[in-house]
Amino acid sequence: MSLSIGIHDLSLATGEFVLEHTTLAAHNGTEIGKYHVGIGQESMSVPAADEDIVTMGAAAAAPIIARHGTDRIRTVVFATESSIDQAKSAGVYVHSLLGLSSATRVVELKQACYGATAGLQFAIGLVQRDPAQQVLVIASDVSKYDLDSPGEATQGAAAVAMLVSVDPALVRIEDPSGLFTADVMDFWRPNYRDTALVDGQESIGAYLQAAEGTWKDYSEQGGRPLGEFAAFCYHQPFTKMAYKAHRHLLNYCGYDTDPGDIARALGQTTAYNTVIGNSYTASVYLGLAALLDQADDLSGRPVAFLSYGSGSVAEFFAGTVVAGYREHLRTGANQEAISRRTPLDYAGYRELHEFKFPADGGDHATPQQTTGPFRLAGISGHKRLYQRR
């Protein structure tokens, strides 16, 4: 008999600040409908100067550690595409901040926005091998584009932490997966750049190609029929992309594209991404959090996931929501993480966007801005210094 393995707990964190799209539109003269309707975004999280992928990742994971302890966690997988170091995993800093055992393996994964799904699947393999273990998977990213660029309105920042375990309390992940990889240049960030480069039309086309490719493979591997799913969690670089991808998949499979049916399948998955913005690796799992926090009882219902990472790698897979899952949700804490953010005016946003450490190896402290549990205190001798607040 195969083991039941999946997401036992899920927690999110985001930045200290928020920029409303009305503020951005007032600065650049864009008609607000282009943001609210065209891309489906209302606001975006902006990290404080003393926040980054480590502080957000630790903040997302800390409630999981508080609830479940550390005794069974022997692996931490940290997925990101906004890495802070070319050698050292951001997860090692999180391991230290959370006080995890030294008898732990820690690794960082990268493949654009897909990385956390790779981490989830690798975690399932580890738990399959030793069901006594649990794996902490953290997805944490800061989406950043050049000021006044087309991508600026799709920025954001967030982290999701997931505890992967046997007999999960939230979602049991199923076999098979549908996989797809193609070498395309739709989105990339060379080592010498602080902001990403994106070819918008190429990226949309690559995403839709990946949706077809993963579904074809999923079907050939013996997956569920499309009509069985209660909801669909898509990667959301902007929320309207999820709708575009779902319409494309329905057309590809010969289904009607009734707007009401599409809204029922997707609407509750976009609530958090609409106000947080693009969180890269965390995006699809913010969709899951929003779905579980809002939907009527999904116990025993299958949910589809389409995880896409530019470049490109994608995976289509399914999970069944576990009976009694509502008792284990963090709905209040998730919504508080969003509602507690401090609004920025455009000048404040621009100052944070342009903030960066000098590269001279000196001692440089960060202004104390975050009210979260962890902060990046500064750098000294090219070393990042973190603190518990």
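Trainee: Hi! How many of the residues of strand 14 are buried?

Mentor: 9 of the 9 residues in strand 14 (residues 313-321) are buried, so the strand is largely enclosed by the rest of the structure. Buried means under 20% relative accessible area, with exposed over 50% and partly exposed in between (1.4 Å probe, protein chains only). Strands here are DSSP runs of E with at least two residues, and helices are H or I runs of at least four, numbered from the N terminus.

Mentor: Keep in mind that this is a predicted model: local features need pLDDT of at least 70, side-chain atom pairs count only at pLDDT 80 or more, and totals for chains, interfaces and linings use all residues. Residues are numbered from 1 along each chain as its sequence is written, and side-chain values use heavy atoms, leaving out hydrogens and water.

Trainee: Which residues of strand 14 are on one side and which on the other?

Mentor: Val313, Glu315, Phe317, Gly319 and Val321 are on one side, and Ala314, Phe316, Ala318 and Thr320 are on the other. Both faces are covered. In a regular strand, side chains alternate between the two faces of the sheet.

Trainee: How many bridges join strand 13 to strand 14?

Mentor: Strand 13 (residues 302-309) pairs with strand 14 over 8 bridges, in the antiparallel sense; two strands pair if DSSP finds at least two bridges between them. Ala304 has Ala318 of strand 14 as its bridge partner. The two strands form a hairpin with 3 residues between them, and Gly311 in the turn has a positive phi of about 125°.

Trainee: And how many join strand 9 to strand 14?

Mentor: Strand 9 (residues 178-181) is joined to strand 14 by 4 bridges, running antiparallel. Phe180 stands opposite Ala314 there.

Trainee: Switching to helices: at what angle do helix 7 and helix 8 cross?

Mentor: The axes of helix 7 (residues 239-253) and helix 8 (residues 259-266) cross at roughly 120° and come within 11 Å. Axes are lines fitted to C-alpha atoms, for helices over the stretch in contact, and angles run from 0 to 180 degrees between N-to-C directions. The two helices are therefore oblique to each other: under 35 degrees counts as roughly parallel, over 145 as roughly antiparallel, 65 to 115 as roughly perpendicular, and the rest as oblique.

Trainee: Which residues make the contact?

Mentor: Ala242, Tyr243, His246, Arg247 and Leu250 of helix 7 meet Ile262, Ala263, Ala265 and Leu266 of helix 8. Contact means heavy atoms within 4.5 Å.
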